[in-house]
Amino acid sequence: MPALHYIPTLNNTANSNEEKAAEFQANFFPPPPTADLSDIPNSMYPPPVPCEIDITMTQIERAVNKTAPKKAPGPDEISNLVVKKTFNTTQQHLLALVRASFNLAYFPKIFKHSTTVILRKPSKPDYTKPNAYRPIALESTIGKILESIAAEILSYLSETYELLPAQHFGGRPGRTAEDAMTVLSERIYHAWKEREIYSAVFMDVAGAFNNVHHERLTHNMKQRRIPHSFVKWTESFLEG
């Protein structure tokens with residue numbers, strides 16, 4: 001009997017490893033969708049929020065400490081555990097690298113290389129279908145530290161200057177799914193108290209991150225008053 005990691009013939013046609021890889025690539029990484037960008041060229045943006053990106057050693061250390069020590073490394077084969085264990089030696093080099101990245105608004109190309117592994121989703125009835133699997137991207141360890149610091153800066157700006165709607169819960173510090181359900185239930189009870197009918201719409205956007213349109217994303221960031229230097233860094237991160 002084949003082991004659990006064995007991938008059977010996919011879609012009744014893909015037998016070789018190359019054919020299976022092509023099936024997975026077509027399923028997980030479809031061509032980017034088209035988008036109506038006619039409104040962007042004539043857009044007027046509000047002034048960005050004040051922000052001087054001055055990376056500190058505390059931010060570097062916090063990003064390194066957040067990494068999972070036993071997580072599989074990417075193509076550079078540098079594990080998170082190695083970065084943690086050598087931090088006292090490498091911290092000044094990491095600080096110089098991260099500062100240069102944000103000062104130049106440039107994300108190094110070498111950190112964009114990743115290794116994608118395919119894992120089975122549990123309890124699926126048919127493993128001959130590509131959607132019964134999920135891709136896991138193993139990225140460069142140093143690249144992930146850069147991403148972590150960028151996410152922290154973006155979160156800080158969003159919360160400090162209230163750049164997101166008050167009703168937005170996803171991906172924000174101190175706002176969990178339980179908090180969202182508490183707010184929802186309280187509004188339902190209030191509507192009942194006023195003898196009103198409360199209705200809600202729930203949406204699950206499939207593949208949102210894989211299918212985001214880059215130009216629309218940077219346009220939205222400018223509309224949300226994100227500093228231009230950070231927008232340029234994001235464009236460099238997305239390029240290629």
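Where is the kink in helix 4 centred? The kink, about 30 degrees, is centred on His 93. This is a predicted model: local features need pLDDT of at least 70, side-chain atom pairs count only at pLDDT 80 or more, and totals for chains, interfaces and linings use all residues. Residues are numbered from 1 along each chain as its sequence is written, and side-chain values use heavy atoms, with hydrogens and water left out.

**Figure 1. The whole chain.** The chain has 8 helices and 2 strands. Helices (H or I, at least four residues) and strands (E, at least two) are DSSP runs, numbered from the N terminus. Their order from the N terminus is α-α-α-α-β-β-α-α-α-α. The C-alpha atoms fill a box of roughly 60 × 60 × 40 Å, taken along the principal axes. Of the 240 residues, 26% count as buried. Buried means under 20% relative accessible area, exposed over 50%, and partly exposed in between (1.4 Å probe, protein chains only). A contact means heavy atoms within 4.5 Å. Among contacts with a separation of 6 or more, 65% join residues 24 or more positions apart.

Figure 2. Helix 4 covers residues 87-103. Its 17 residues should span 24 Å at 1.5 Å a residue, and its end C-alpha atoms are 22 Å apart, which agrees. The expected span is 1.5 Å times one less than the number of residues. The bend at a residue is the angle between axes fitted to the seven residues ending there and the seven starting there. Buried residues of helix 4 include Phe 87, Leu 94 and Val 98. Among the elements covering the buried residues are helix 2 (57-66) and helix 5 (141-160). Just after helix 4, Ala 105 takes a positive phi of about 55 degrees.

**Figure 3. Gln 59 in helix 2.** Gln 59 lies in helix 2. Is Gln 59 buried or exposed? Gln 59 is buried, because its relative accessible area is 13%, and the cut-off is under 20%. Its side chain makes a polar contact of 3.3 Å with that of Glu 152. A polar contact is a pair of N or O atoms within 3.5 Å; within protein, one must be able to donate a hydrogen and the other to accept it, and residues adjacent in sequence count only if both atoms are side-chain atoms. Not counting residues up to four places away in sequence, Gln 59 touches Asp 54, Ile 149, Glu 152 and Ile 153.

**Figure 4. Aromatic rings.** The whole structure holds 12 aromatic pairs. Rings of Phe, Tyr and Trp (its six-membered ring) pair if their centres lie within 6.5 Å; planes under 30 degrees apart count as stacked, over 60 as edge-to-face and the rest as tilted. Phe 102 and Phe 230 are stacked, 6.5 Å centre to centre, with 15 degrees between the planes. This pair links helix 4 to helix 8, 128 residues apart. Phe 102 counts as buried, at 4% relative accessibility. Phe 230 is buried too, at 3%. Phe 107 and Phe 111 pair edge-to-face, 6.2 Å centre to centre, with 70 degrees between the planes. Phe 107 and Phe 111 are both buried. One aromatic cluster is formed by Phe 102, Phe 107, Phe 111, Phe 230, Trp 233 and Phe 237.

**Figure 5. Charges over rings.** The charged end of Arg 120 sits over the ring of Tyr 127, 4.2 Å from its centre. The charged end of Arg 175 sits over the ring of Phe 169, 5.2 Å from its centre. A charge sits over a ring if NZ of Lys or CZ of Arg is within 6 Å of the ring centre and within 35 degrees of the ring normal.
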